[in-house]
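Subject: Model for you to look at

Hello,

Here is the structure I promised to pass on. Please open it alongside this note; my findings follow below.

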Amino acid sequence: MPSDFIELRLAELSNYIRQAREKIGLTLNELSEQSGVAPSTIQKIESRQMTPSIAVILKIAVGLGVEAGEMIAPRSAPKLDIVVQRTGQYASMSASKKMRYEKLSADIQGAEVESWRIIVAAAYRVKLFRPQLFLEIVVFCERGKIELDIDGQMCTLSAGDTLHSRAKSLFAVRNAGDVEAAYILTGRFPHSLHYDIAVSMNGRAGA
């Protein structure tokens, strides 16, 4: 389900197309002839009844005589500073069958903090392929028992425990129990966590 931020950006795109078309005095039919996009499709895009594909955006840009990048660039600073994500709306990904990530924070442009829930199978240990450097983090153990290798220091957290640290790197994670564990990682990262969940699998604990 699209976030409120994405809906805002799509609305900006639709408004841009309509305003640019009217500014240069083109009718729907005339823009259709110049772009190769059906007038009914353009009308639906302008009224937010349809989300255009990249190919359609490129064609309309040609018809309007502008760069596609100009069409999709933010018109102004984002107006949204509150985004509510309901249960089941979180973006999720899997590093393996035994480790899953859920992004709890929303995609608010300019935000400096990200929050993730990491779910680890029982007795499973994983070493990060590339150590995760962070500027500052708070870790909350939601359930189970986890061990975090932070710059060579092993930190053990049980359900309800927290850890707060700055300017360190996370090297490995281990579920130290015999049931599934989950912890929440919140912090400021110098680069997106999306590119750092590629991992080398070390098998079960003690492998």
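Helices here are DSSP runs of H or I with at least four residues, strands are runs of E with at least two, and both are numbered from the N terminus. On that basis the chain has five helices and nine strands. Please keep in mind that this is a predicted model.

Overall layout

The order of elements is simple to state. From the N terminus it reads α-α-α-α-α-β-β-β-β-β-β-β-β-β. The chain has 207 residues, and 37% of them count as buried. Among contacts with a separation of 6 or more, 65% join residues 24 or more positions apart. The exposed surface comes to about 11,600 Å², with 53% of it supplied by carbon and sulfur atoms.

The cores

In soluble globular proteins, nonpolar side chains tend to be buried together. Here the largest nonpolar core holds 24 residues. Those touching the most other members are Met99, Ile118, Val139, Ile146, Leu148, Val173 and Tyr183. Two or more residues each come from β2 (99-103), β3 (114-120), β4 (124-143), β5 (145-150), β6 (153-158), β7 (162-175) and β8 (181-188). Strand β4 gives the largest share, seven residues.

Met99 is worth a click. Beyond its neighbours within four places in sequence, Met99 is in contact with Ser94, Ile118, Ile119, Val120, Tyr124, Val126, Val173 and Tyr183. There is also a second, separate core of 16 residues, which includes Leu26, Ile42, Ile60 and Ala68.

Cavities

Rolling a probe the size of a water molecule over the atoms shows where empty space is left. The count is two cavities of 30 Å³ or more. Strand β4 gives the most, with three.

Single residues

Start with Ser14, in helix α1 (residues 4-23). Is Ser14 buried or exposed? Its relative accessible area is 2%, so Ser14 is buried, the limit being under 20%.

Next is Tyr124, in strand β4. Tyr124 has a relative accessible area of 3% and therefore counts as buried. Tyr124 and Glu180 are 56 residues apart along the chain, yet their C-alpha atoms are separated by 9.0 Å.

Two alanines deserve a check of the backbone. Ala123 is not a glycine, but has a positive phi of about 55°. Ala123 sits in the loop between β3 and β4. At 19% relative accessible area, Ala123 is buried, because the cut-off is under 20%. Ala167 also has a positive phi, of about 50°, without being a glycine. Ala167 lies in strand β7. Ala167 counts as exposed, because its relative accessibility is 56% and the cut-off is over 50%.

Best wishes

How values were computed: Residues are numbered from 1 along each chain as its sequence is written. This is a predicted model: local features need pLDDT of at least 70, side-chain atom pairs count only at pLDDT 80 or more; totals for chains, interfaces and linings use all residues. Side-chain values use heavy atoms; hydrogens and water are left out. Buried means under 20% relative accessible area, exposed over 50%, partly exposed in between (1.4 Å probe, protein chains only). Contact means heavy atoms within 4.5 Å. Accessible areas come from the Shrake-Rupley method with a 1.4 Å probe; for residues, only the protein chains shown count as cover. A nonpolar core is a set of buried Ala, Val, Leu, Ile, Met, Phe, Trp, Tyr and Cys residues joined through side-chain atoms within 4.5 Å. On a 1 Å grid over the protein atoms alone, a cavity is a set of points where a 1.4 Å probe fits but cannot get out, and a pocket is an open set with protein on both sides within 12 Å along at least five of seven lines; lining residues have an atom within 4 Å of a point. Grid points are joined across faces, edges and corners, and a volume is the space filled by probe spheres set on the points.
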